[in-house]
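Trainee: I have just opened this structure and would like a guided look at it. Could we go through it step by step?

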Amino acid sequence: RLRREAEEQSKQEEEERLTKQAEEQSKKEDEERLRKEAEEKAQKEEEERLKIDAEEKFKQEEEDRLRKEAEEQAKKEEEERMKKEAEEKAKQEEEEERLRKEAEEKAKQEEEERLKKEAEEQVKREEEERLRKEAEEQAKMEEEDRLKKEAEQEAKKEEEERLKKEAEEKAKREEEERLLKEAKKKSKKEEEESLRKEEQAKKEEEERLRKEAEKLAKKEEEERLKKEAKDQAEQEKKERARKKEKEQVGQEEECPKKEFETMSKSSTENGAAKEKFYSFEELKNPIQGVDWSMREQHLTDEEFVALFGMPKDDFFSLQKW
């Protein structure tokens with residue numbers, strides 16, 4: 001029964017340990033899955049960021065290309081304008097030469113005044129047109145510079161935001177790794193503590209079973225001794241009845257004394273020859289050189305008194321019946 005109880009207890013403990021191991025394994029798998037999901041999420045965010053960076057880079061390159069084309073176009077227009085102005089100027093000079101010659105023939109002074117006024121007006125118009133174009137180009141350049149600065153500021157903000165997100169993600173990954181390491185360390189400690197407790201429980205159970213076995217053996221031995229004492233008492237009653245019937249009480253009293261003297265003498269001789277004593281537990285099993293029917297003679301004085309309630313001399317002085 002005790003063995004079955006011990007086996008059932010051991011089986012229950014084993015099932016609890018396996019359950020704990022399964023829970024810990026499940027917990028580890030959940031943590032691993034969460035870690036993988038976090039890594040996948042981080043990878044997706046990194047890909048999205050790279051995609052956005054590529055788009056921004058393409059946009060910046062497109063703006064630079066458009067700005068260069070605009071500058072080249074403005075340069076070409078300026079060259080064309082200067083060429084036209086040179087042609088107009090050459091044409092005007094020819095016209096002035098012709099007019100000058102005609103004015104010399106008609107009225108040199110009036111023609112010169114008219115040409116002067118026309119030249120001043122032409123110069124004024126050309127100057128106004130040049131100033132207007134320069135103002136437009138300046139405004140255009142300022143607008144482009146402003147847009148460029150805004151784009152640079154926007155790119156800088158986005159880069160700072162990206163770096164901030166990367167730093168947060170890195171800190172989050174480090175925190176997750178730290179928590180994972182702490183969880184593994186804690187799990188290992190709990191496993192060691194569980195094993196230690198199991199070993200302690202096993203030792204305590206073995207000690208309890210050993211004590212129960214000793215108590216059971218002692219109880220059986222006490223029962224045996226009580227039964228022997230009871231049988232001896234019944235035998236003594238029968239012997240007394242027999243002695244009364246035969247009316248040989250005196251003769252029967254002398255016989256036990258002689259037998260006791262013989263037994264005491266034999267015991268003394270054996271003790272002098274051997275002088276070896278054993279514990280009660282050792283005498284439960286056969287021992288070489290010990291008479292099985294005289295085992296009580298090999299008990300120590302303390303155990304003899306504890307078992308029989310009297311010293312050896314008093315016990316062996318009792319009448320045999």
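Mentor: Let us begin with lysine 238, which counts as exposed at 63% relative accessibility. Buried means under 20% relative accessible area, exposed over 50%, and partly exposed in between, with a 1.4 Å probe and protein chains only. This is a predicted model, in which local features need pLDDT of at least 70 and side-chain atom pairs count only at pLDDT 80 or more, while totals for chains, interfaces and linings use all residues. Residues are numbered from 1 along each chain as its sequence is written, and side-chain values use heavy atoms, with hydrogens and water left out.

Trainee: Which helix is lysine 238 found in?

Mentor: Lysine 238 belongs to helix α2. Helices are DSSP runs (H or I, at least four residues), as are strands (E, at least two), and they are numbered from the N terminus.

Trainee: How far apart in space are lysine 238 and glutamate 228?

Mentor: Their C-alpha atoms are 15 Å apart, and in sequence the two residues are ten residues apart.

Trainee: Changing topic, how many salt bridges are there?

Mentor: The count comes to 42 salt bridges. A salt bridge here is a side-chain nitrogen of Lys or Arg within 4 Å of a carboxyl oxygen of Asp or Glu.

Trainee: What does glutamate 198 form a salt bridge with?

Mentor: The partner of glutamate 198 is arginine 17, and the closest N and O atoms are 3.9 Å apart. Glutamate 198 lies in helix α2 (residues 108–246) and arginine 17 in helix α1, so this pair ties together parts that are 181 residues apart in sequence.

Trainee: Is arginine 17 buried or exposed?

Mentor: Arginine 17 is buried, at a relative accessible area of 17%, whereas glutamate 198 is partly exposed at 22%.

Trainee: What about glutamate 32 and arginine 35?

Mentor: Their side chains meet in a salt bridge of 2.1 Å, N to O. Glutamate 32 and arginine 35 are three residues apart in helix α1, so about one helical turn separates them. Glutamate 32 is partly exposed at 28% relative accessibility, and arginine 35 is partly exposed at 26%.

Trainee: And how far apart are the closest N and O atoms of arginine 67 and glutamate 71?

Mentor: In that salt bridge they are 3.1 Å apart. Arginine 67 and glutamate 71 are four residues apart in helix α1, which means a separation of about one helical turn.

Trainee: Which residues are linked in a network of salt bridges?

Mentor: One such network links Glu46, Arg49, Asp53, Glu159, Arg162 and Glu166.

Trainee: Now the aromatic side chains: how many aromatic pairs are there?

Mentor: The count comes to five aromatic pairs. One of them joins phenylalanine 308 and phenylalanine 315, a tilted pair at 5.0 Å centre to centre with 45 degrees between the planes. Rings of Phe, Tyr and Trp (its six-membered ring) pair if their centres lie within 6.5 Å; planes under 30 degrees apart count as stacked, over 60 as edge-to-face and the rest as tilted.

Trainee: Which residues do ring pairs link into a cluster?

Mentor: The cluster consists of Phe304, Phe308, Phe315 and Phe316. Phenylalanine 308 is partly exposed at 28% relative accessibility, and phenylalanine 315 is partly exposed at 23%.

Trainee: Finally, where is glutamate 88?

Mentor: Glutamate 88 is in helix α1, and it is partly exposed, with a relative accessible area of 44%.
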